[in-house]
Amino acid sequence: MSAVAVIVATPLIGAAVLALVPGHRLGSRLNIGFSAVTLLASLVLFGLEPSSGALFVVDAFNIYLIALTAFVGLTTSVFSAGYIAHEIAARKLDERKLRFYHAMYQAFMFTMLLALSANNLGVMWVAVEGATLTTVLMVSLYRTAASIEAAWKYFILCGVGIALALFGTILMYMAAQPVMGPGMAAMTWTELMGHVTKISPAILNLAFVFLLIGYGTKVGLAPLHAWLPDAHAEGPTPISAVLSGLLLNVALYAVLRFKMLLAANGEAIAPGPLMIAMGLASLLLAGLMLYRRRDVKRFFAYSSIEHMGIITFAFGMGGPLANFAGLLHMAMHSLTKSAIFYAVGHAVQVTGTQRIDRISGLTVSHPALGWGLLAGVVAIAGLPPFGVFMSEFLLVTSTFARQPLLALPLVVGILVAFGALVLRVQQLCFGAPGRVEGSGAPVASVPVQGTLVPLYAHLALVLVAGVWLPGPLVAWFQTVAALLG
Amino acid sequence: MSDLGYDAAHMLGAVVLLMSFALLYQRRLFSLLNVFTMQALALTATAAWQAYSHGEPHLYITALLTLVLKAILIPVALHRIVVKMKIHRTIEPALGIGLTMVAGVSLVTLSILLVLPVTADATALTRENLALSLSVVLLGLLMMISRRNAVSQVVGFMSIENGLILAAVGVAGMPLVVEMSVAFSVMVAFIIFGIFLFHIRERFDTLDMQKIESFRGESD
């Protein structure tokens, strides 16, 4: 239990410290330091027995998400150090904003880790709400017209989503209260799991609809996805990386916790069809929208909607195999997409533009960056030997075996998105390198600021997962897949 | 529970709902803020009454927070923003009274039809309170959709939160953490909204969201 407390407390202390530290160099180093401590503490969790208390719960489901979140948090903080050094040099950000940015980054990590480890449904809600607030502030960091509009849209849509999720949480308490009596127990997830068979299924159903729509807004599921591309495109790129890689996962995690309650109840409606419908809608819509995108960050944001659709579809299908695929895909998408955003962040900085048609020939001008981006896109498109291929393959085959009719739109969606990715990555990575937007100097003359280690570390992990999954990880995924029903 | 306790709680909840209806058709920002203040006062009374009749003292804190934040601080601050930006003369398009009533009544019907059948086990007060609060939430959503001005969208958002507090105080023994968090989040939300309102003002010289929304972010 103490390890969880350390994991949650470290970023909180980090946020307080970073709010006081002047100077962006020291700030970004401390940011890396706090993230590293969080990651170390989360690795300690693997050595401990699963446990639960009034405030925190650690089980097979969230332990890997906590570790994943801490890991991506660390690599992003490394990427962020190089990124902001460039932004300072380009005079796009000043010291005061960066102090705020670093504090918010740690505050964001705090809310994510709290949401993942909270045992109390109310605390989980507060944490997701906090994550919304911190990211809204970071999305509007550049104070451009477009970034404020994006933040406003994000805030209004997710604010309403969060409100609906709270209504669902209240309903959930109302359903449990006659059985478990008033008080904290009826808000505690582990207690609810123990008594869920006695809870009236009717209110549970109603609660789940609100929770799915509410938290689903934050997952970016169609038709509630409108905030996501704007928020990704207009904020600083490290924030795009953690939004796609972490926040969407955490929101989905919240939905799944409630799905587990419904599955354990037995008499409640099967949440599957709802999730399948929303998942497929997101997949197909985002797949088609990919073709019309001109902004590179917006392009990959739509790709995130597509993948969250695939994952939601997988959990909607349910069953050991599809759930396994969903869990694996959550991890793989998180790693791959944040790697892509690291590469895109560097690419946007060296070329000075976010427009896809003005970025070209990255493999020629910056080979390490260009090939890294290419590998990332190949991975996210679902090509072997990367991990995303594994999870998509598992999902497609298990769907074909059980519901061939549902497998068709799934495959069509994946292929449509695949086409768009191949089309755009050619433009980005090959051809003759262009000139820097504004100054007109050759792109090759601008060095990549910072290190490419985070990018390649993620790609290596995704590659390893595609070739060989460690035994304990498979065992975890199988336990959780069974629990998810 | 005595009959009086039930009736009073019922009436106060209904007043909150009534104010939601009134919010829908206010065209002037000042009157909108006034109606919102009245809704917050009704909500304060509901929370205090529940605290008294159920003997749950922690609900007094909720009542106090609602009173201080939503009935006093936020309306006063929004009032000042409106004056400062000289938009108090703005008459903005809102739904007409007739249309508002039709839309509102159908949303209330919807929420009653949705809530009552599934809550057969719960007490009458809980059920009706839930139906009322769901109606307030839905009317708040309707208001956010039908308004274009940033200030009225903020008010719509907060009336949704009022509906949530109404739901939370109506369920017996709801742990304090939720109400605290709602009150807290409103405060934080307000700070952010405030910041945004000023930044929007700086950048666009308007609070009309429709003009701002024409920025698609993707320049051709």
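**View 1. The segment spanning residues 118-412 of chain A.** Over residues 118-412 of chain A, the chain is 79% helix and 0% strand, with the end C-alpha atoms 38 Å apart; helices (H or I, at least four residues) and strands (E, at least two) are DSSP runs, numbered from the N terminus. For these residues, 118-412 of chain A, an unreviewed UniProt entry lists "domain: NADH:quinone oxidoreductase/Mrp antiporter transmembrane"; UniProt positions follow the numbering used here, feature names are shortened, and annotations may be inferred rather than shown by experiment. The model is predicted, so that local features need pLDDT of at least 70 and side-chain atom pairs count only at pLDDT 80 or more, while totals for chains, interfaces and linings use all residues. Residues are numbered from 1 along each chain as its sequence is written, and chains are lettered from A and ligands numbered from 1 in the order in which they are written.

**View 2. Chain A as a whole.** Chain A has 19 helices and 2 strands. Its radius of gyration is 21 Å, close to the 23 Å that the globule rule gives for 485 residues, so chain A is as compact as a globular protein of that length (the radius is taken over C-alpha atoms, and the rule is 2.2 Å times the number of residues to the power 0.38). Taken along the principal axes, the C-alpha atoms of chain A fill a box of roughly 70 × 55 × 40 Å.

**View 3. The largest nonpolar core.** This core, a set of buried Ala, Val, Leu, Ile, Met, Phe, Trp, Tyr and Cys residues joined through C-beta atoms within 7 Å, has 245 residues, and those with the most contacts inside it are A115(A) and V250(A). Helix α6 (residues 145-180) of chain A supplies the largest share of the core, 24 residues. Buried residues make up 64% of the 485 residues in chain A, where buried means that 20 or more other C-beta atoms, placed from the backbone, lie within 10 Å of the residue's own.

**View 4. The side of chain A that touches chain B.** The contact, counted where C-beta atoms placed from the backbone lie within 7 Å, takes 40 residues from chain A and 36 residues from chain B. On the side of chain A, α6(A) gives the most, with 18 residues. By class, this side has 27 nonpolar, 5 polar and 8 charged residues; Ala, Val, Leu, Ile, Met, Phe, Trp, Tyr, Cys and Pro count as nonpolar, Asp, Glu, Lys and Arg as charged, and the others, Gly among them, as polar.

Note on methods:
A residue is buried if 20 or more other C-beta atoms lie within 10 Å of its own, exposed if 12 or fewer, and partly exposed in between; C-beta atoms are placed from the backbone. Two residues are in contact if their C-beta atoms, placed from the backbone, lie within 7 Å.
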